[in-house]
Amino acid sequence: MALTITNLTKQYNTQKTALTNYSININKGVLGLLGPNGAGKSTLMKIIATISKPSVGTLLLDGVDIVQKPDTIRKVLGYLPQDFGVYPNLNAYEFLEYIAAMKGIGGKGLRQRIDLLLEGVNLTADAKRPIGTYSGGMKQRIGIAQALLNDPKVLIFDEPTVGLDPEERMRFRQLISDLANDCIIILSSHIVSDIDSIADEVAIMQDGKLITHAPQYDIIKQAEGRIFEVLLDNNALNQFKNQYNVINTARQADRIKVRYIDTKGNVAPESIPVTATLEDAYLFLTQKNG
Amino acid sequence: MQYLYNIIKADYLQRTRSYSFLITLAVTVFMAYSFVPPDTASYTTLSALGYKGVYNSAWVGYVSGIMTSFMLSFYGFLLVNSGIKKDIETEVGLIIATTPVTNFKYLLSKQLSNYLVLLTITGITFIVSIAVFLVRGTDQPFILGNFVFPYLFFAIPALFVVAALAVTAEVFLGKRSILQFIIYFLLFGICMAFINEKGGSDTGVFDPFGLSLMTKSITQHINTHFNEDIKSVSFGFIFNGHKTFKLFAWEGLNWTPIFIFSRLLWIGFGLGLIYISSLFFHRFDFKQAVTIKKKKLQSASAVSATEAGQLIDPMRISRSVLPALSFNYGIYPLIKTEFLLLIRQGNKWLWLLNAALWVAMFVAPFKYAYSYLLPVLLFLQVTRWSELVTKEKTNRIHYFAYASYKPLQRMLPAQIMAGILLAISLSLPVIIRSISTSNLYAVIGLLNGAVLIVLLAVALGILTGGKKLFEVFFFLLTYAVINQVPFADYLGSLPDHHAPFFIWIVLMMNLTLTVVLFIARRYQIRHL
């Protein structure tokens, strides 16, 4: 299964262009989408999910144009939007049966499938009470269950770990890794650690454009030799920030350990080079192209 | 004061920047134009036993002012009674609750914003009334005061109270929209009955709409000049065929200081309502409102999650564990769930009222069941149908719905069918009685009407993205049906409408609506 996106542009009006001439090939495995707010990640995912039409460009799923024939992908699509809701008066069973009906799934195995999915997201005990009484994390888990109802071949997760606690996030990542063997998973998250632990490939977006798309290792390589750490006095931090792109800071006794990007070949005295991470590479590339 | 102004401004802009408000304004222009009907019209808006005023400044200005005051008080409540609800749904209320703004100031800002919305509509009718005078006033002189004063002393104070009542209803009755409507219209009915019975008072102090003063002045004028003994004047859209009226020249009212002062009292009454409401306002803290049953459920949930000790279990969701998929592209499961959602929407107690009306339709005289009980019973479902296609967006389910398999061919028809199923189920007593008397036209008319009202709800929901316009429209339609207005008779209850021509007209309307709503939805599902 392969999704080929060619010269995609989405223009909302004359002033606002969400995506510009965007092209990418997505194959089986996990593609992590990274980018600052307004980069066009959600727009791209909405277009792939067929709920938004591109202004220009083609999207082919195994050679079939899904802009013209959206039902081709809808049959095999699992979609977890960023700010989805639920019908508060339905319980988990009724809600999942409803989503199953929307997706065109039925038969005798449906109830068993729903039972297993509810067990999998640990909602069995609460499955018969209205979803309106669920906590944020529980709603997020019901969202994950609905995305998996139709044995999807294309899975789109937009900020899926919002509302999940750290242990749930870890389990969710494991779930994604298990599912990635025979389907396309597109995962957008602001939490870089969500992506670096599971994404086979990473696409970094900025201002509606694709900055880079490569395996994680290759992306990290682009920042190698650019990331440094240095220990500073407390009162020197503000001045340092004016000169360098600081990634993060950590208090250590009476000093501060500062991790920064050197883009100008102007390394601060007493700095030591460190191994780049995906987060470093992401910040390096977005600042370089910003 | 500045921040109060900013809250009112933001609230007002939020409400008025919508297609439904634009359509409401367009309907207002039409209604305001029809307040002063041409001589050839088959209706009148102010009738005094065969007498009608000459279209001078006073008649046009006062009739427009009084009709605006009366009609907008009647349906304006529906238009504005969701200001606090919106803050709950968008969770803006939680932010407001953490600010220093007091309950009184917050509710006052909501009331003033309601009032501004109603005043905007009033402003339009005012302008249209002058335009109508210029069109229909023949050679009568234009006197601005005859237009300004009725609006100033009738509409402006009355709408202030309506705006306050909308806030009060939201504070005390929360999300129970239908209960709010019922209580408001009961109050409205009681108020009108009081005005009609007692004539308010000689001074008109207790009449928020100013109807009694005008009635008294007109009847006195006619009785004096034409030696009649007329006791009352009828307001509203009165259909009476092409009747010939005797004309009289009425020059307006003499405003008394006590009447003008009483308008300030009505405004004070509105402020008093807001103050009392502020003492009971929940300030977006709903913990107190949680029922014992809900508390039990919540505590059970907390225990179950904790006891389980684990959360997502990837091993149980793996493909090898899940049973094989079988596909079912039929729409029956969708209809079933949509019907379930319709039934569960709103308060359970309302079903008691529905059931009582449903049974009453079997035993009441057929004419009353058909012309009065059924339209009222159908109107009581207004919030169910108005949410039929808007609930996806309200509940943010539209991502799933629009990305589902063939949403236009499966999802939308399922929603429409569920709505029609409910309408027909509620109409069954009248349908069965019509069948038993072999009244085929009535049966077809009822089915046509049931379909029409659902298609209207769906079409207006899709086109405006909200439910308000349908709710107001359905209310006015029901009012017109109960008043036997011929063109509003969507259920075909009038004997003249038991004819093929009428059935074809409604059928054509249904087909047109179907085409429009499918085209609009087709666009909508691909343009999020």
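How many bridges join strand β1 to strand β2 in chain A? Read on through the close-ups of this predicted model.

**View 1. β1 and β2 of chain A, side by side.** The answer is seven bridges, with β1 (residues 2-11) and β2 (residues 17-27) running antiparallel. To get from β1(A) to β2(A), the chain goes through a hairpin of five residues.

View 2. Look for Thr9(A), which stands opposite Val56(A) of β4(A).

**View 3. Where chain A meets chain B.** Here 54 residues of chain A are in contact with 46 residues of chain B. On the chain A side, the elements that each supply at least two residues are α2 (71-74), β6 (77-80), α3 (92-103), β7 (105-106), α4 (109-120), α5 (136-147) and α6 (166-179).

**View 4. A strand pair across the two chains.** Zoom in on β7(A), one of the elements that supply residues to the side touching chain B. Its partner is strand β5 (residues 326-327) of chain B, and the two pair in the antiparallel sense over two bridges. Which residue of β5(B) does Ile105(A) stand opposite? That would be Phe327(B).

Methods
Residues numbered from 1 in each chain as written. Chains lettered and ligands numbered in written order. Predicted model: local features only at pLDDT ≥ 70, side-chain atom pairs only at ≥ 80, totals over all residues. Contact = placed C-beta atoms within 7 Å. Helix = DSSP H or I, 4+ residues; strand = E, 2+ residues; numbered from the N terminus. Pairing = 2+ DSSP bridges.
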